[in-house]
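Subject: Structure handover

Hello,

Please find the structure below, followed by notes on what was found in it.

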Amino acid sequence: MFKKAAAGGAPKGLLVVGDVVTDVVARHRGALARGTDTAAEVRMLPGGAGANAACWAAYWGCADVRLLGCVGAESVDWHRQALRSAGVAARLVVDPEASTGTVICLVDVADGAERTFLTDSGASLRLSPTDFSPSLLDGIARLHLSGYLLFSDPGRALVRTAVAAARAREVPVSVDPASAGFIRELGAARFLALLDGVDVLLPSRDEAQLLTGLPDAGEAAARLSRAFPLVVAKQGAGGALVARNGSLPTQVSAVAVQPQDSTGAGDAFTGAFLASLLAGADPEEAAAEGCRAGAQAVARLGGRPPRRAPSPSELPEVPDRAG
């Protein structure tokens with residue numbers, strides 16, 4: 001964890017605006033047996049890209065993490081308690097008509113714990129500008145927006161409102177694009193046009209390639225950094241690429257672990273990255289912390305962190321394959 005102290009008296013808080021969902025994680029081995037049963041380990045866990053990132057930021061040492069999200073009445077208490085336990089101050093809007101979003105996470109342990117999502121966004125699609133107030137930015141040094149907001153009309157309007165409020169206060173804004181599948185449906189050009197005023201873009205490798213049409217990960221990150229001051233492209237087991245001003249990116253190495261569930265690994269990276277920036281790290285140092293958090297995430301079930309910060313010695317190592 002990055003330990004450099006932030007300047008005294010300066011705002012230190014992180015506000016995350018995004019999705020809070022219920023994850024149903026099903027870990028299975030190999031192809032699903034069509035038309036019959038497939039043995040699996042199934043757990044119901046709190047999740048959501050925005051909520052996960054907020055929890056990992058708190059876990060990585062940010063003392064003031066706030067979250068704005070929307071849930072259904074049936075699970076608001078459960079989600080609020082889970083966020084409170086993780087050190088996140090949550091403002092959860094309760095929608096009277098929609099239930100909390102639910103994501104079925106199919107995790108194939110025989111394929112590097114790669115996950116496939118079946119997503120019912122539910123109430124998270126209903127978060128809107130009426131739920132946002134500029135006062136939410138009081139004491140906030142960074143605003144982070146989940147890309148899932150951009151896949152609904154109310155969410156897109158909320159993003160415009162929140163970015164404008166942040167720009168008025170000179171608060172930098174970051175966005176995690178969140179879903180290559182949903183970007184493909186919306187259209188890459190339209191998605192990029194919705195990001196006006198964003199300072200930091202945190203795409204996955206697939207998202208960066210989709211947004212640019214470039215097959216090379218480094219070239220895709222460099223291209224995006226012509227439009228955004230800082231691009232940090234997450235590469236999974238390949239670490240991360242940090243790009244500025246259209247130049248070829250800096251490679252940051254991953255931490256090798258035995259994967260158990262890749263759900264939330266990118267969210268963990270984002271949370272630790274933002275917490276480290278708030279602690280005074282430069283982008284490369286912060287990306288290295290993000291890689292550490294991503295390794296922690298894939299080594300455990302679900303998208304949320306454990307209850308306390310890890311030491312480097314607690315990271316599980318990749319088994320020796322020589323024997």
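The salt bridges come to 12, a salt bridge being a side-chain nitrogen of Lys or Arg within 4 Å of a carboxyl oxygen of Asp or Glu. This is a predicted model, in which local features need pLDDT of at least 70 and side-chain atom pairs count only at pLDDT 80 or more, while totals for chains, interfaces and linings use all residues. Residues are numbered from 1 along each chain as its sequence is written, and side-chain values use heavy atoms, with hydrogens and water left out.

Two of the salt bridges involve Arg 126. With Asp 95, the closest N and O atoms are 3.6 Å apart; this pair links Arg 126, in the loop between β7 and β8, to Asp 95 in strand β5, 31 residues away. With Glu 97, the closest N and O atoms are 3.2 Å apart, and Glu 97 sits in the loop between β5 and β6, 29 residues from Arg 126. Helices (H or I, at least four residues) and strands (E, at least two) are DSSP runs, numbered from the N terminus.

Asp 95 is buried at 12%, Arg 126 is partly exposed at 39%, and Glu 97 is exposed at 66%. Leaving aside neighbours within four places in sequence, Arg 126 also has Ala 98, Asp 131 and Pro 154 among its contacts (heavy atoms within 4.5 Å).

A further salt bridge joins Asp 199 and Arg 167, with the closest N and O atoms 2.8 Å apart. Asp 199 is in the loop between α5 (188-193) and β10 (200-201), and Arg 167 is in helix α3, 32 residues away. Asp 199 is buried at 17%, whereas Arg 167 is partly exposed at 43%.

Glu 207, in helix α6 (residues 205-212), is buried but has no salt bridge. The nearest side chain of opposite charge (Lys and Arg count as positive, Asp and Glu as negative; His and the chain ends are not counted) is that of Lys 234, 5.7 Å away. A polar atom of the Glu 207 side chain does lie 2.8 Å from the backbone nitrogen of Ser 204, and one lies 3.5 Å from the backbone nitrogen of Ala 178.

On the strands: an open sheet of nine has the order β5-β4-β1-β8-β9-β10-β11-β12-β13, with mixed pairing (two strands pair if DSSP finds at least two bridges between them). β5 (88-95) and β13 (250-252) are at the edges with a single partner strand each, so one side of each has no neighbour in the sheet. Strands β2 (residues 21-28) and β6 (residues 101-108) run parallel, joined by eight bridges. β6 also forms a hairpin with β7, with five residues between them, and Gly 112 in the turn has a positive phi of about 65 degrees.

Finally, the largest nonpolar core has 47 residues, of which Val 17, Phe 132, Leu 143 and Leu 145 touch the most other members. Such a core is a set of buried Ala, Val, Leu, Ile, Met, Phe, Trp, Tyr and Cys residues joined through side-chain atoms within 4.5 Å. Helix α3 (residues 153-168) supplies the largest share, six residues. Another core, of 45 residues, lies apart from it and includes Val 242 and Cys 291.

Regards

Note on methods. Buried < 20%, exposed > 50% of the residue type's maximum accessible area, 1.4 Å probe, protein only. Polar contact = N/O pair within 3.5 Å; in protein donor to acceptor, adjacent residues only side chain to side chain.
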